[in-house]
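This note is written for a colleague who is meeting the structure for the first time. Please keep the sequence and the model at hand while reading the numbered points.

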Amino acid sequence: MPSLLARRVYEACHLTGSFRLRSGQVSPEYFDKYLFEGQPDLLRDVAEAMVALLPECDVLAGMEMGGIPIATVMSQLTGLPTVFVRKQAKEYGTGKAAEGGPVDGRRVVVIEDVVTTGGALLASCRQLRASGAVIETVVCAIDREQGGRENLAAEGLGLRAALSRRDLAPSASV
């Protein structure tokens, strides 16, 4: 039997059709995270499940765009500062890839909404590490279980997921 959180997330954001993922893969299903992130009670419940997965750290780093609302709520729940990570550094203003406080020498946990292959996530982790961040863990709301965990592990990053595709699969029959 699926968890109540898995059922609620599935009902809020599972779509069927033909969807091109960021990885370039085409999928017959899609988890539109903005549909759960836009519901305050559900967003908070997902963030609370993710907080339970946090290792000891100094800073949360919310990935643009879907990781930012989750990291913000997690920051409110934990009191940890948050930085907001762009897919690429902007070419104006401060020119930073991570907006907010400093990451140099700090233990940073990267917060993501959905992980598929982890490609964009790895690029951002490399940028953060180049800025001096110490990153060992990524915490996500949903792991689609399509190679992301293995790709992250190859670069010394552990993935902790509040929900996996497997958790959400039984929800379809509910």
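The points below go through the sheet, its strands, the helices that accompany them and one lysine.

1. The model is predicted. The remarks that follow should be read as a description of that predicted model.

2. Six strands make up an open sheet, arranged in the order β5-β4-β3-β6-β7-β8, with mixed pairing. Its edges are β5 (98-100) and β8 (158-164), each of which pairs on one side only. On average, and with direction ignored, neighbouring strands of this sheet are turned by 25° against each other.

3. Strand β6 comprises residues 107-115, and eight of its nine residues are buried, so the strand is largely enclosed by the rest of the structure. On one side, β6 pairs with strand β3 (residues 59-63) in the parallel sense, over four bridges. Two pairs of residues illustrate this pairing: Val-59 stands opposite Val-108, and Leu-60 stands opposite Val-109.

4. Strand β6 also pairs with strand β7 (residues 134-143); these two strands run parallel and are joined by eight bridges. Among the residues involved, Val-110 has Val-138 of β7 as its bridge partner. Between the two strands the chain passes through helix α5 (residues 119-130), and this β-α-β crossover from β6 to β7 is right-handed.

5. How many of the residues of β3 are buried? Five of its five residues are, and the strand is accordingly described as mostly covered. In a regular strand, side chains alternate between the two faces of the sheet. In β3, Val-59, Ala-61 and Met-63 point one way, whereas Leu-60 and Gly-62 point the other way, and all are buried.

6. Strand β3 is joined to β4 by four bridges, and the two run parallel. Here Leu-60 has Thr-82 as its bridge partner in β4. The chain goes from β3 to β4 by way of helix α4, in a right-handed β-α-β crossover.

7. The pairing of β4 with β5 is antiparallel. Strand β4 (residues 82-85) and β5 run antiparallel and are joined by three bridges. Within this pairing, Val-85 stands opposite Ala-98 of β5.

8. Helix α4 deserves a point of its own. It lies across β3, β4, β6 and β7, and runs at about 160° to β3.

9. Helix α4 (residues 67-78) also packs with helix α3 (residues 40-51), at an angle of about 65° and with the two axes 9 Å apart. That angle makes α3 roughly perpendicular to α4. The crossing in which α3 passes α4 is right-handed. On the α3 side the contact is made by Leu-43, Arg-44, Ala-47, Glu-48, Met-50 and Val-51. On the α4 side the residues are Pro-69, Ile-70, Val-73, Met-74, Leu-77 and Thr-78.

10. Apart from neighbours within four places in sequence, Lys-33 is in contact with Cys-13, Asp-113 and Val-114.

Notes. Residues numbered from 1 in each chain as written. Predicted model: local features only at pLDDT ≥ 70, side-chain atom pairs only at ≥ 80, totals over all residues. Heavy atoms only, no water. Buried < 20%, exposed > 50% of the residue type's maximum accessible area, 1.4 Å probe, protein only. Pairing = 2+ DSSP bridges. Right-handed = clockwise from strand over helix to strand, strands pointing away. Contact = heavy atoms within 4.5 Å. Axes fitted to C-alpha atoms, helices over the stretch in contact; angles between N-to-C directions. Parallel < 35°, antiparallel > 145°, perpendicular 65-115°, else oblique. Left-handed = near helix turned anticlockwise from the far one by under 90°.
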